[in-house]
There are 6 protein chains.
Amino acid sequence: MKKGEKMKFGAFGEVMLRLTPPEHLMLEQTHTLRLAYTGTGVNLVGNLAHFDMESYLLTALPDNRLGSAALANLKSIGVETKYVIQQEQHIGTYFAEMGYGVRPTEVTYQNRKHSSFGLSQENDYELQAFIETVDLVHICGISLSLSDQCAETAISLAKKAHAQGKKVCFDFNFRPTLNQEQDQRNILKQRYEEILPYCTILFGSIRDLTELLEWRTSDSTKNPIAYIQSFLAYYDIEWFAGTKRTSHEGRKQLKGYLITVTEDAETPFYELFVLDRIGAGDAFAAGILLGYAENWSLTRTVEFATGNARLAHAIQGDVPLTTRKQVQQLLDAPDVDLIR
Amino acid sequence: MKKGEKMKFGAFGEVMLRLTPPEHLMLEQTHTLRLAYTGTGVNLVGNLAHFDMESYLLTALPDNRLGSAALANLKSIGVETKYVIQQEQHIGTYFAEMGYGVRPTEVTYQNRKHSSFGLSQENDYELQAFIETVDLVHICGISLSLSDQCAETAISLAKKAHAQGKKVCFDFNFRPTLNQEQDQRNILKQRYEEILPYCTILFGSIRDLTELLEWRTSDSTKNPIAYIQSFLAYYDIEWFAGTKRTSHEGRKQLKGYLITVTEDAETPFYELFVLDRIGAGDAFAAGILLGYAENWSLTRTVEFATGNARLAHAIQGDVPLTTRKQVQQLLDAPDVDLIR
Amino acid sequence: MKKGEKMKFGAFGEVMLRLTPPEHLMLEQTHTLRLAYTGTGVNLVGNLAHFDMESYLLTALPDNRLGSAALANLKSIGVETKYVIQQEQHIGTYFAEMGYGVRPTEVTYQNRKHSSFGLSQENDYELQAFIETVDLVHICGISLSLSDQCAETAISLAKKAHAQGKKVCFDFNFRPTLNQEQDQRNILKQRYEEILPYCTILFGSIRDLTELLEWRTSDSTKNPIAYIQSFLAYYDIEWFAGTKRTSHEGRKQLKGYLITVTEDAETPFYELFVLDRIGAGDAFAAGILLGYAENWSLTRTVEFATGNARLAHAIQGDVPLTTRKQVQQLLDAPDVDLIR
Amino acid sequence: MKKGEKMKFGAFGEVMLRLTPPEHLMLEQTHTLRLAYTGTGVNLVGNLAHFDMESYLLTALPDNRLGSAALANLKSIGVETKYVIQQEQHIGTYFAEMGYGVRPTEVTYQNRKHSSFGLSQENDYELQAFIETVDLVHICGISLSLSDQCAETAISLAKKAHAQGKKVCFDFNFRPTLNQEQDQRNILKQRYEEILPYCTILFGSIRDLTELLEWRTSDSTKNPIAYIQSFLAYYDIEWFAGTKRTSHEGRKQLKGYLITVTEDAETPFYELFVLDRIGAGDAFAAGILLGYAENWSLTRTVEFATGNARLAHAIQGDVPLTTRKQVQQLLDAPDVDLIR
Amino acid sequence: MKKGEKMKFGAFGEVMLRLTPPEHLMLEQTHTLRLAYTGTGVNLVGNLAHFDMESYLLTALPDNRLGSAALANLKSIGVETKYVIQQEQHIGTYFAEMGYGVRPTEVTYQNRKHSSFGLSQENDYELQAFIETVDLVHICGISLSLSDQCAETAISLAKKAHAQGKKVCFDFNFRPTLNQEQDQRNILKQRYEEILPYCTILFGSIRDLTELLEWRTSDSTKNPIAYIQSFLAYYDIEWFAGTKRTSHEGRKQLKGYLITVTEDAETPFYELFVLDRIGAGDAFAAGILLGYAENWSLTRTVEFATGNARLAHAIQGDVPLTTRKQVQQLLDAPDVDLIR
Amino acid sequence: MKKGEKMKFGAFGEVMLRLTPPEHLMLEQTHTLRLAYTGTGVNLVGNLAHFDMESYLLTALPDNRLGSAALANLKSIGVETKYVIQQEQHIGTYFAEMGYGVRPTEVTYQNRKHSSFGLSQENDYELQAFIETVDLVHICGISLSLSDQCAETAISLAKKAHAQGKKVCFDFNFRPTLNQEQDQRNILKQRYEEILPYCTILFGSIRDLTELLEWRTSDSTKNPIAYIQSFLAYYDIEWFAGTKRTSHEGRKQLKGYLITVTEDAETPFYELFVLDRIGAGDAFAAGILLGYAENWSLTRTVEFATGNARLAHAIQGDVPLTTRKQVQQLLDAPDVDLIR
């Protein structure tokens with residue numbers, strides 16, 4: 001990346017089909033579904049593209065009509081699709097029955113392991129060209145648990161990108177409930193430990209360090225920030241960011257934090273108005289990466305990212321379609337509810 | 001009912017067509033309606049079927065395409081339809097224009113009196129077989145006011161079921177606004193008084209006792225619970241249950257209560273998030289009946305029933321499609337808003 | 001009606017709710033319905049209003065939200081609603097499951113007898129003012145079979161209008177399958193015979209004369225047109241009009257005819273492209289009445305009316321929203337399939 | 001207007017096409033839009049028609065299918081369309097992407113200047129007949145900035161109506177963001193000053209007086225109400241009304257005020273539940289005009305108007321379809337959330 | 001099966017999710033899909049249930065919300081679901097982009113092999129109870145190619161059912177394009193040969209015998225019917241049935257045939273009006289099985305089955321929801337296009 | 001364009017918003033519209049992109065949310081959007097009420113002249129870079145009549161592209177009904193004559209030469225092909241292509257032709273199955289350009305182009321989303337109606 005140039009982003013991740021019943025209906029109540037194409041990588045680079053950043057996706061789609069439709073959709077959100085390949089016949093799918101009030105949103109996954117992405121191997125991709133094209137590579141923790149091939153590709157990508165001086169950003173995205181068996185957890189821990197030395201930016205929480213990595217657990221309680229900072233120092237990581245959520249009598253709140261080895265910044269708790277919370281974490285990540293790319297201060301970065309995440313809660317679907325202008329509008333004039 | 005067996009439920013009640021404009025639109029604003037098949041009995045046995053209880057509906061549907069479609073829908077929610085008959089040509093219908101905030105939901109009923117159900121007579125049904133099949137019969141107060149034939153069938157059913165050792169559950173469902181003429185009220189009062197001696201479980205409120213039945217009104221104010229208990233004792237009723245609603249500056253709250261001759265239990269007031277409140281009372285009733293069937297404590301029963309009613313407020317349509325697991329999830333972890 | 005003035009039309013008839021599943025689905029296959037307000041009278045005066053003729057409906061709607069929505073809809077199609085009253089609570093309803101190819105469209109009626117219209121009596125309406133306002137009164141045969149009150153109102157309206165020099169137009173609309181019992185048929189026959197002496201224009205077929213009226217049946221076979229003309233002479237009727245349909249290997253065709261005591265005209269058979277055939281007969285009637293109002297030749301009138309009916313087959317819903325320009329376009333340039 | 005007669009209303013204003021994505025979706029997320037016909041004048045007279053007041057619109061629609069569809073829609077909401085003309089080919093259009101929580105609603109206007117209304121001139125309309133028909137003429141400030149012809153027609157209408165003893169009601173509707181250039185602002189100021197002497201009722205805020213009219217600015221801060229009253233005295237205006245909005249931690253509130261030269265009334269702040277806030281200001285205006293027409297007290301009028309505006313926030317679309325009964329229901333029993 | 005009793009049917013087959021864009025749109029053109037649950041077995045027993053025959057499905061659904069929704073849907077079409085199990089997390093899915101005219105319908109399958117059904121094994125099911133319950137077992141050839149486990153279960157089911165005196169009906173459903181590799185074809189051939197000795201009724205074509213089974217190929221051309229009859233004799237098969245399609249200048253036609261060892265019957269070619277041809281073959285099969293169950297003549301059976309298939313072409317979706325009455329109506333009065 | 005490289009295409013043309021009522025409804029019958037982004041240039045390069053050809057659009061979109069949504073849509077169909085600019089606030093719009101059978105499709109245009117495209121000037125675009133990027137420039141005749149600026153830009157683009165050795169393709173797209181005044185026609189004629197010397201490929205009909213250009217009219221009747229060829233010779237044009245449509249008793253047919261100075265080829269008449277004919281001409285053009293780019297024979301080219309146009313008649317919307325494979329499938333196996 002030459003001086004004065006804008007950073008270019010690339011994400012390695014799965015494209016999923018999301019099917020959502022309209023108007024908060026449950027699956028038994030409708031014969032109609034809303035179709036969208038999503039995934040952590042899609043959400044992230046789609047949002048960065050809306051921030052006018054050149055953003056690439058490295059993924060595998062089915063070599064059929066559905067793959068073509070997915071590709072059309074990726075293009076429409078501004079994602080650069082040069083490194084998207086089409087092979088095999090299956091795409092991971094999930095159904096989102098949107099909750100309301102005390103009724104939680106229920107997500108039902110269909111087979112992801114045998115998807116074009118799940119079955120793809122490192123050699124299927126133009127990895128080297130991808131690395132050369134972008135300045136920062138984003139990898140989602142889900143790739144480490146989806147299939148052995150995906151995990152291998154992800155780790156190899158991190159190593160190679162790092163070796164070529166590119167930034168690597170890693171999102172823990174660890175879900176304890178999905179990985180309850182000890183064996184599976186041990187394998188995951190190993191993979192996470194293998195990728196961390198090549199990372200510059202991490203998205204995660206203290207629980208990822210204590211529960212998954214079991215990293216110097218005894219140090220974690222006294223001073224959580226110092227604990228995280230020692231972790232960052234250990235792995236030579238620049239930025240560690242994430243969000244916290246609270247809920248009180250049905251009111252949800254959100255704050256964001258951003259920690260370096262020497263500093264930390266966090267936002268106040270903001271009230272959440274939730275239309276669709278899926279993908280809001282990716283909006284936060286996109287905001288952080290934008291601040292990183294443009295050398296913003298920690299505070300400006302985390303406020304922007306959290307504002308972006310708040311907006312993403314108010315947008316249907318996973319992919320945050322927010323622009324810089326919209327986020328700035330929220331930060332500058334949070335009470336405006338009609339723009340014309 | 002043999003020991004160790006699960007209780008079987010049966011409800012006598014009307015199936016109605018519900019037509020709802022989408023997205024809170026008013027009737028003038030749309031050419032599209034959402035279609036569903038509902039009714040107190042449908043809601044109740046449909047919900048009990050989702051709790052894995054064998055549940056039967058005793059009703060009459062039109063002998064035409066609409067009746068067939070209604071039947072298909074009853075089956076889809078798990079209701080046993082062996083005792084559903086098809087005759088005549090009309091089904092009661094209502095339009096629900098969904099309110100929002102300060103705008104109330106407006107329900108407009110079309111002709112119910114001349115529906116297949118309204119015109120049906122005791123002899124049209126296999127009453128005896130129905131009674132033999134189930135352990136508990138639910139009757140809705142609306143049957144007592146819909147038509148003379150319905151009232152006669154309902155009362156006869158209560159008597160026969162009681163005579164054969166089956167439990168009878170009766171839901172007052174009395175709406176003062178619908179019965180403002182004194183004559184009509186006197187007839188209704190008589191019918192209610194006729195059915196009460198055969199009942200084991202009642203759903204109602206203190207106002208049903210004072211306003212409709214005018215039962216020892218002077219005793220009602222001092223100690224309302226004692227007043228209700230004396231009523232239960234008089235009619236030899238085991239359980240009396242219902243809900244209370246409050247509204248303060250646009251915030252709605254709900255509590256449930258469950259009273260026996262000697263005990264009583266009630267929940268705290270829970271905040272309501274209302275997507276569609278129609279049918280929530282039937283969800284409460286289904287929860288109470290489940291607790292009754294499984295010998296739960298009063299407290300466990302009323303908390304479960306109230307949790308079920310809270311969820312029903314967050315589900316589109318009348319029929320509560322909640323499962324035991326979903327209700328338990330709310331009671332155990334009320335702040336979870338995303339399940340995957 | 002003064003010379004040089006445009007004729008004003010009035011129809012006495014029922015407004016019905018029509019509910020149609022989208023995209024040829026059957027009732028079991030959808031939770032969504034398309035809502036429209038229709039009826040022979042609505043269709044006729046709605047179409048005449050689109051021909052820029054002042055057109056009134058005399059009907060009764062429910063005094064509730066549904067009645068208001070129906071009223072709004074009548075206004076939107078240009079019908080003058082001054083003589084529409086709102087009382088009672090029910091509106092007749094029908095479901096139209098649209099057929100395709102060899103699958104016939106299935107219409108399921110819900111209660112019409114107890115609708116606001118079915119229950120309405122002569123005194124409920126401003127009959128005299130209505131008659132004074134219009135030049136031609138249209139009455140549909142269905143009114144004679146719907147309820148005793150409707151039949152009485154219809155016959156009284158015909159007599160009074162005729163007495164005041166207004167034209168009366170009567171549409172047989174007799175459906176043998178709906179009136180299979182001899183008793184009912186005898187009553188109907190009597191009512192039809194009672195109204196005929198006051199009529200100037202009739203819509204019907206030779207079968208109406210032979211099967212329902214059993215009018216000099218032996219004369220009907222030799223020369224059908226002469227037979228009809230003798231009937232017209234007997235009752236002093238000016239115009240007798242109707243359509244014939246054929247079907248051959250799935251291809252439908254339509255022709256129109258128009259007969260006076262001394263003349264007759266008919267169109268060739270035109271191929272039909274059927275999107276929705278309900279209401280097409282009313283489009284034919286509207287075309288005939290327009291020709292009558294404007295003193296067109298028999299041929300011009302019947303060609304226009306048949307063109308209008310052909311267009312109505314290609315319009316969703318009952319109400320023909322065609323304009324003069326659209327009908328003329330079809331007659332002048334039948335092969336144009338794109339106008340811009 | 002004769003004694004005892006109901007006031008008749010007329011509005012001069014643009015009809016716009018409103019296109020709204022369903023379910024809070026953004027334009028990129030949907031291929032489906034909801035279509036409605038709106039505009040300040042439409043909203044106002046449509047609402048007054050729902051209050052059973054004879055209400056006319058003076059406007060120009062395209063002379064094409066879209067104009068016909070718009071006309072049908074105006075009729076359906078009860079607007080008298082006698083003075084609506086059809087010429088030219090374009091109608092102003094706007095897209096409303098509905099916001100949610102912290103995400104503001106975004107309105108995108110398409111060309112309005114070259115619409116049938118924007119291009120229309122005084123002579124195109126039957127101005128004199130319109131003035132004779134109505135008792136009160138409503139003019140929206142937007143007409144003064146839309147095009148020179150519209151401004152001329154609006155001012156001429158105000159003068160002529162005033163000269164013939166009709167009331168003139170003027171809505172400032174001034175949007176600083178839309179008129180940021182000084183030149184444009186000066187022209188507007190002049191036009192506003194030209195119309196004010198003919199006005200009886202004004203809808204506006206203190207900012208309209210200070211920012212747009214720059215009227216004795218130094219007097220405005222000490223006693224705002226006295227300041228407004230001196231303005232009313234200067235221009236001989238009877239009523240000055242408007243609303244104030246607040247927002248605190250995501251909770252919106254609304255109050256209304258109504259000021260005469262000698263009196264003033266205002267409501268408390270009411271919590272807002274916002275489904276669609278566009279058009280709510282017109283609902284407030286309709287309520288005020290109803291009170292004016294029926295000689296209600298200031299307090300009754302402003303409470304009714306504010307209640308109407310609160311309901312309008314809870315109705316999809318611009319046009320407030322509220323009836324007197326619905327507004328009264330809110331004022332009398334604000335906690336009722338289900339009517340049947 | 002006792003004399004005079006109605007035959008009971010059971011099918012072993014996969015339940016699939018079908019997702020269809022509305023109004024002939026392609027996947028890139030819509031964000032909305034219509035959802036249905038289908039499959040050869042579902043279509044067959046669903047249709048038989050509509051013919052009032054007790055009909056069971058033996059299948060495996062996911063143990064998640066999607067499985068529950070599928071189960072609700074099976075119930076709604078009248079299928080007995082007692083032998084449906086829920087395990088694993090995936091259901092086979094296909095997308096149907098509906099063609100029009102010269103544009104073919106395109107079906108895109110997603111992973112079926114790892115579905116709950118694909119992964120299910122014989123021991124997962126209550127095979128013995130299923131066999132005891134039904135009189136005729138239907139097995140689809142797709143089960144033989146879907147997965148090894150499915151093939152084993154299917155073959156075992158055929159053997160056991162046959163051993164217990166139940167009829168076995170087998171549908172070749174062989175698609176050459178899906179099985180182009182010789183290895184796969186050899187395995188399939190072996191499996192087909194293994195199951196045939198236990199079959200009583202076959203659905204197939206002469207090409208199945210020549211291309212897949214390569215059965216005495218040289219005999220096939222001279223007298224195709226005699227060739228098929230010799231095959232039936234060899235395997236002791238009672239009935240062999242299927243359909244033929246032709247297409248000429250865009251007009252499609254269909255005929256059905258039914259062959260026994262000694263007799264054969266076929267219908268004329270009927271013109272097809274195609275709304276959705278998927279599932280029409282299953283409608284034909286259901287018609288044949290009904291004739292078999294009720295001892296109809298070959299001619300009556302094949303005419304009924306072909307009529308049913310023609311209707312199924314005119315119904316959206318796979319599952320033929322036809323009743324006996326509807327099929328008979330087509331056979332008796334093929335030109336009726338409106339029933340009321 | 002280097003040898004062996006694929007030709008790159010660029011089109012200069014307007015992007016329009018298309019709004020279509022669903023299911024053949026008319027504007028008065030629906031509150032729902034389907035939204036798409038179309039235009040001759042969009043259709044052409046969108047289709048070429050689906051043929052895997054690099055294809056650019058040169059156009060101006062509004063600088064607002066609608067422009068962004070349009071841009072997203074262009075990307076989704078594979079169009080290269082590097083030369084798309086965003087300025088001004090309006091986009092041309094049209095409503096397409098889809099006809100059926102004898103009812104023609106009616107297109108209603110809204111203001112196009114003041115759209116971002118209509119107001120754009122040559123200097124607003126990166127014309128030079130665009131010309132350098134592509135090998136063939138497509139210009140639509142509509143640009144010559146839309147506005148003076150557009151006409152100037154179009155002519156200048158043709159001249160410059162021609163001067164730099166790029167191919168220029170021009171589509172007459174002349175609609176006599178839209179240009180009935182002689183003045184306007186003379187200006188148009190002049191502009192057409194000005195652009196023709198720079199063109200290599202023309203899409204048009206003999207009527208364009210005789211009626212608009214009035215080119216040696218007397219020669220046109222004897223031998224139409226020779227007449228066209230002399231025109232091609234005069235202007236040094238390589239290819240002249242177009243389609244002919246016939247209609248007989250409701251059956252539509254289509255043929256394509258392709259003429260050079262020395263040769264000509266045409267297809268037989270093919271029967272049309274019309275779902276949506278708008279945009280089919282652009283599909284034909286895209287097919288011709290593909291053949292030109294790949295040096296196919298005249299016959300192969302015109303058959304492919306006509307096949308593509310036939311498919312486009314069977315696709316909803318303007319933009320032909322056909323692939324090479326789909327067109328080839330139609331040419332090779334026209335009777336296949338289901339692909340799986």
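Helices (H or I, at least four residues) and strands (E, at least two) are DSSP runs, numbered from the N terminus. With that rule, Gln86(D) falls in strand β5 of chain D, residues 84-86. This is a predicted model, in which local features need pLDDT of at least 70 and side-chain atom pairs count only at pLDDT 80 or more, while totals for chains, interfaces and linings use all residues. Residues are numbered from 1 along each chain as its sequence is written, chains are lettered from A and ligands numbered from 1 in the order in which they are written, and side-chain values use heavy atoms, with hydrogens and water left out.

**Gln86(D)**

- Gln86(D) counts as partly exposed because its relative accessibility is 31%. Buried means under 20% relative accessible area, exposed over 50%, and partly exposed in between (1.4 Å probe, protein chains only).
- Contact means heavy atoms within 4.5 Å. Beyond its neighbours within four places in sequence, Gln86(D) is in contact with Leu61(D), Pro62(D), Asp63(D), Asn64(D), Gly67(D), Ser68(D) and Leu71(D).
- A polar atom of the Gln86(D) side chain lies 2.9 Å from the backbone oxygen of Pro62(D).
- Gly46(D) is 40 residues from Gln86(D) in sequence and 19 Å away in space, C-alpha to C-alpha.

**Chains A and E: symmetry**

- Copies are superposed by least squares on the C-alpha atoms of residues with pLDDT of at least 70 in both.

**Chains A and E: interface**

- Chain A gives 30 residues to the contact, and chain E gives 30 residues.
- About 2500 Å² is buried between chain A and chain E, with 58% from carbon and sulfur atoms. Leu35(A), Arg65(A) and Gln110(A) supply 26% of the area that chain A buries against chain E, more than any other three residues.
- Buried area is the accessible area (1.4 Å probe) that two parts lose on being put together, summed over both.
- Between chain A and chain E there are 4 salt bridges. A salt bridge is a side-chain nitrogen of Lys or Arg within 4 Å of a carboxyl oxygen of Asp or Glu.
- Glu97(A) forms a salt bridge with Arg65(E), with the closest N and O atoms 2.6 Å apart.
- On the side of chain A that touches chain E, α2(A) gives the largest share, 6 residues.

**Chains B and F**

- Chain B is laid on chain F by a turn of 180° and a shift of 0.0 Å along the axis, with an RMSD of 0.0 Å.
- Of the residues of chain B, His31(B) comes closest to the rotation axis, at 3.5 Å (C-alpha). The same surface serves both copies, as 100% of the contact residues of chain B recur in chain F.
- Here 4 residues of chain B are in contact with 4 residues of chain F.
- Chain B and chain F bury about 260 Å² between them, with 46% on carbon and sulfur atoms.
- The count of salt bridges between chain B and chain F is 0.

Terms used. A polar contact is a pair of N or O atoms within 3.5 Å; within protein, one must be able to donate a hydrogen and the other to accept it, and residues adjacent in sequence count only if both atoms are side-chain atoms.
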